[in-house]
Protein chains: 2
Amino acid sequence: MSKLVIVGTVAFDAIETPFGKTDKILGGAATYISLAASQFNVDSAAVSIVGGDFPQEYLILLSDRGVDISGIEIVKEGKTFFWSGKYHNDMNTRDTLATELNVLADFHPVVPTEYRDAKIVMLGNLHPLVQLSVLEQMDHKPELVILDTMNFWMDCALDDLLNVIKKVDVITINDEEARQLTGEYSLVVAASKIQEMGPKYVVIKKGEHGALLFHKDKVFYAPALPLKEVFDPTGAGDTFAGGFAGYLAKSEDISFENMKNAVIYGSTLASFCVEKFGTERMVTLKSNEVHQRLQQFKSLTQFDIELT
Amino acid sequence: MSKLVIVGTVAFDAIETPFGKTDKILGGAATYISLAASQFNVDSAAVSIVGGDFPQEYLILLSDRGVDISGIEIVKEGKTFFWSGKYHNDMNTRDTLATELNVLADFHPVVPTEYRDAKIVMLGNLHPLVQLSVLEQMDHKPELVILDTMNFWMDCALDDLLNVIKKVDVITINDEEARQLTGEYSLVVAASKIQEMGPKYVVIKKGEHGALLFHKDKVFYAPALPLKEVFDPTGAGDTFAGGFAGYLAKSEDISFENMKNAVIYGSTLASFCVEKFGTERMVTLKSNEVHQRLQQFKSLTQFDIELT
C-alpha cells in the first residue's frame, strides 16, 4: 500500500438544490477526497486549514477513518472557508451565492514529515501556487501526482496553473474546462493537447455522462450510473478523484490498465455521493454497498460480442 | 436469419457543417437504416417513396447491397422529399433550412407481399399514422417492432404517436425527446414511464455521450466512440437504428443480453457514419473496418475488476 497525501480545502458549505437546502455543513475538496480514499483503508494524510469555528467532531470523523489530520492547520482566531451555492433545476449548473475565503486566504500547506516520502499525491482544487508548494515539500518526486483544478484558475492564474500542470502525471478536469484550457471542442483533441502540456494521463469528467481516461492513443470510457435522481452533486468530482487516487494507492499499480479500474471506482463512489446532501452518504457508506454497485457498473457496460 | 422490413424516407439532403457544404445528396431515414442493416447481409426490404427525379443509381446502390427495393414507390411526375440543414459549430444543434415534402405528402406505404411475414419491422421516423399503416399490413404481429420517432410528432401528432408507441417493442429516441415525451428530467424515470406506454425496451440516444438501453430494472450503457472530429452528424441516429435492427435480424435473438450487442453494433456503425458527408462513409464501409472498430469499443469500456 502506498502512502497518499491529499491537499485541498476543508470547508463549510451551504447548499440549495430543488430538493431542499442546508445550513453550514461539512464540505471541501480534501474532505470529499479523504472520505472516498478512506474506503480503501490506505495510509493517507489530509493537508488543509480550518478556523477555530471548525467542529472537533468533523476532524475526528476523518481520523476515525484512518486519515492523518496532523497536516490540517487550525487557526484558532480564524474562520473556516465557506462556500454557498444553489443548483438549477437540471442540476448541471449552479450559482455561487457566497465564497468567504477566511483562513484559506493565507494558507501555506505543510506536509507532515512522515508523509514527505508518499508515493502518491492528490492535489485537490486550490490556487496552483499552493498546489506547487506541496510538491516542493516532497522528499523525492512522487510516483504519481494527480491534479484537480477548475476554470477559475484558468481565468485568473493561468501561468501558475500551466506551471503546475507541467509537473503532474494525471489531471482530472471537466469537459468544459478541458475545452477552455485548450481551445479545442473535440475532447479527443483537447486530451491530446493537455498531454503535451505535461500530464501523461488525462481524465475528463462529464458529470452525468461519465468520465474519459486518455493516455497516448488509448481511451477508456467509464459511464456514470444512470440515477433516478441526483439529490446534490456537490463533491461528486472530488469523490471521483478520491476514489481514483485511493484505489491506485491501495493497488500500487499505476498502469493504464489499472487506471481503468481506478476510474470505475471513482465513478462508483461518486454515484453514492450525489444521493444525499454534502458528505452525508459518504460517511455512512459500507464496503458491501460499494461492492454491490461495482457489480451494477459491470453489468452496465460489459457485453459479450465474440471477436476473433 | 429473420426478414427485416424497413420503412422511412428516401430523400435528397443538402447539408452544411463547419467543414463544408453539399448539393443535393442521397439521404433519408430508410436509406441510412438500409445501408447499416446491409452490413449484416440480412434479407431486408425498404418501403418508401421517391419522385421521378430520383437517380436510378441510388436505387441500384441499395439493391446491390441486398436490399429489396420493390417497396420503394416511384412517382414519375413527382419530386423526391428534400431536406436541407445547417449544423452549428458544436455539431449538436442544427437549423432546418428547408423541408419540401413533395411525394412524401401523399405516401401510402405498401409492404411487398413476400415481406409481410417478416419477423422484424423497423419503423423509421415518419408520421405515426404512416408507421401504423405498415404494422397493419403485416400477416401476423412481428416478433419485434422497433420505432424511431422525433419531437416534431410529439408537437403535432401526439395522440397518433402514443397510439403507435403502444404497439411497438422497442423505441429509439434521443434524450431531449424522452424528456419531452414524459415530462421527466431523469432518463431513468423517463425510460420507466415510456415502458408503461408500451415498449418493453427503450433506447435513449445521447449523441456524443452514447446510448442507454433500458428493460424493466436493467440498464446498459454503450458509449459513443470519442472522435477527433464529427464531420457530419446527419443520419447517425438512423444508422444506429439500422445497425441495431440488422444485428438482431441476423442473430435471431431478441433477448436483453443480445440487445446489448445490438446497441454496440449500432454505435459502431454510427461512429463511421459521421466521418463523412451523408451516406458517403457507409457506402464504402468494409466488414474488416467494422470488426476493427468493435475491438476499439471493447477496449473502450471493458475493465477487469475481480468481483467475488
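The legends below describe close-up views of a predicted model. Residues are numbered from 1 along each chain as its sequence is written, and chains are lettered from A, and ligands numbered from 1, in the order in which they are written. Local features need pLDDT of at least 70, side-chain atom pairs count only at pLDDT 80 or more, and totals for chains, interfaces and linings use all residues, while side-chain values use heavy atoms, with hydrogens and water left out.

**View 1. A network of salt bridges links A:E275, A:R281, A:E289 and A:R293.** Side chains of opposite charge can pair when their charged atoms come close. A salt bridge is here a side-chain nitrogen of Lys or Arg within 4 Å of a carboxyl oxygen of Asp or Glu, and the count over all chains is 28. In the pair of A:E275 and A:R293, the closest N and O atoms are 2.7 Å apart. This pair links distant parts of the chain, 18 residues apart: A:E275 lies in the loop between α9 (256-273) and α10 (280-284) of chain A, and A:R293 in helix α11 (residues 287-301) of chain A. Helices (H or I, at least four residues) and strands (E, at least two) are DSSP runs, numbered from the N terminus. A:E275 is partly exposed at 26% relative accessibility, whereas A:R293 is buried at 11%. Buried means under 20% relative accessible area, exposed over 50%, and partly exposed in between (1.4 Å probe, protein chains only). A:E289 forms a salt bridge with A:R281, with 3.0 Å between the closest N and O atoms. A:E289 is partly exposed, with a relative accessible area of 25%, and A:R281 is buried, with 10%.

View 2. On the side of α9(A), the contact (heavy atoms within 4.5 Å) is made by A:I264, A:Y265, A:S267, A:T268, A:L269, A:S271 and A:F272. Helix α11(A) contributes A:E289, A:V290, A:R293, A:L294 and A:F297.

**View 3. A salt bridge joins B:E176 and B:R179 within one helix.** The closest N and O atoms of the pair are 3.1 Å apart. Both residues lie in helix α6 (residues 175-182) of chain B, 3 residues apart, which is about one turn of the helix. B:E176 is partly exposed, with a relative accessible area of 48%, whereas B:R179 is buried, with 11%.

**View 4. A:K216 and B:N102 have positive phi values.** Most residues other than glycine have a negative phi. A:K216 has a phi of about 50 degrees and is found in the loop between β14 (211-215) and β15 (218-222) of chain A. A:K216 is exposed, with a relative accessible area of 65%. For B:N102, phi is near 50 degrees. B:N102 lies in the loop between β8 (94-100) and β9 (120-123) of chain B and is partly exposed, with a relative accessible area of 29%.
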